[in-house]
Amino acid sequence: MPEMRFWVVSPNVRNEGSGAWIDAIRKNHCVYMGWGPEDTDWRRGYYFHHKVKRGDIVLIARGENKSKELYFAGIVDSDVKAVTPEKDGVPDHAYARKLKGMIGQDALAGLGLAFEGAAFGGARRIPSIYELHPSKNPKDQKIASKLKTVVEEAVKMNEENARMKALVTLLENNYNLILTGAPGTGKTYLTRQLAQKLIFGDDWEPKDENNFKESEREKFEKQFGFVQFHPSYDYTDFVEGLRPKQPDANGNIGFELTDGTFKKFCGAARKECKYKDNGKYDETSEKFVFVIDEINRGEISKIFGELFFSIDPGYRGVAGKVLTQYANMRAGSDDEKKFYVPENVYIIGTMNDIDRSVESFDFAMRRRFVWEEITAAESAENMGLDDKVKQTMTDLNKAISKIDGLNLSYHIGGAYFLKLKKYDGDFNALWQYHIKPLLREYLRGMPDAEAKLDELKGAYDGAHS
């Protein structure tokens, strides 16, 4: 793997009007150069075209060496492309390289980069492009180290934001989403983050619900619903049914028709569902998110009943009106008794692929949801596991996949390794009390189960021993 290199580039790239170029950089996340590939004066174009590589870090700066104006920094993420004002909206003809993880002036100001004595320390002004040399110059090493840390953090955050945005778009377009994956991949946690994004809007950064302001908490609790399915959960819990009521004066216990969890939730959402003058749904309506954890552990057909039709993305709103099983006990005309799931209700389910009840998951329900897998590797990134822990998890999961009958659905997710904090980083304790029992269950009934468990232990120990 080629070594990362560090470059400082002036934003006016030969062309006049640096302010316009700064605007273009901010908008397009590109670093620009006005000189062509054969220009060797100060090696300006030559360096930009032939020496700068994908994965290098670029700092866009201008000014006197001891008081540089620092504008942007990012990681080079493309080959060179010629750009023009007509096609690309730039101030002049130039050459461009895309940047990922780009950070701006505020982030750079906080780094306190000191250029005195850096590689180009003797010049009055910086050239259009020059290279830092961390291995040769201690000053360059400090600058490069700070840049690398903050830009790589920005890349990670951008990737997480892009993943979250993709899931939000998937849910908005399909109404019903199921997150699948191996145990411990953080699916339930992710559903709450997705719910925050839908409820509070695109600009919202998901955060710990314990840190909500009171107004935020009230809004979230109003627009978020959660239930966990289990074998005894049924239609009367979810939709509606007869429930015992308080004894009367004579001590007699009667029954009354009571709305279930989901029906109550839809009733609250319907009050916030707006429609335009032409009768079409108004997208500005407040969004409500209902999470069904372990959705495959309940008897789906029994729980949803006729709501199979109502939750269909193509029949949200009044188009999906149905008479529920207890509708005859309600007053009014048949049309007034009908129930529907409003257009501002979104459903997220979670399930582990290896649960034995997966095989009975209703196919009619399956086609009403869009499915997205959360992998163990992805969970490690989402949970911020350090490199040593990630390597241990990776080695173990590779060994699991090699065993006949097991696959990535049996991988160990990052949530298991978060438990290391409880044991002061003791990997042996984590193995003994959490991972080993799970793997024994995976291997139950297999020939040479103990030998296979020893192989998995060897893989587990390899990365941190």
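These legends go with close-up views of a predicted model. Residues are numbered from 1 along each chain as its sequence is written, and side-chain values use heavy atoms, leaving out hydrogens and water. Because the model is predicted, local features need pLDDT of at least 70 and side-chain atom pairs count only at pLDDT 80 or more, while totals for chains, interfaces and linings use all residues.

**View A. An open sheet of 5 strands, with parallel pairing.** Read across the sheet and you get the order S9-S12-S13-S8-S14. (Strands are DSSP runs of E, at least two residues, and helices are runs of H or I, at least four residues, numbered from the N terminus; two strands pair if DSSP finds at least two bridges between them.) At the edges sit S9 (224-228) and S14 (370-374), each pairing on one side only. Neighbouring strands here are turned by 20 degrees against each other on average, direction ignored. (Axes are lines fitted to C-alpha atoms, for helices over the stretch in contact, and angles run from 0 to 180 degrees between N-to-C directions.)

**View B. Two helices against the sheet, H6 and H7.** Helix H6 (residues 187-200) packs on the sheet and touches S8, S9, S12, S13 and S14 (contact means heavy atoms within 4.5 Å). The direction of H6 makes about 165 degrees with that of S13. Helix H7 (residues 214-223) lies across S9 and S12, at about 55 degrees to S9.

**View C. Strand S2 and its partner S6.** S2 (residues 30-33) runs antiparallel to S6 (residues 94-103), with 4 bridges between them. Val31 has Arg97 as its bridge partner in S6. In a regular strand, side chains alternate between the two faces of the sheet. Here, Cys30 and Tyr32 point one way and Val31 and Met33 the other, and all are buried (under 20% relative accessible area; exposed is over 50%, partly exposed in between, using a 1.4 Å probe and protein chains only).

**View D. Thr324, in the loop between helices H11 and H12.** Thr324 counts as buried because its relative accessible area is 5%. Not counting residues up to four places away in sequence, Thr324 touches Tyr235, Val239, Glu240, Lys263, Glu306 and Phe339.

**View E. Met164 in helix H5 (residues 138-174).** Met164 is buried too, at a relative accessible area of 10%. Leaving aside neighbours within four places in sequence, Met164 is in contact with Leu190, Gln193, Leu194 and Lys197.
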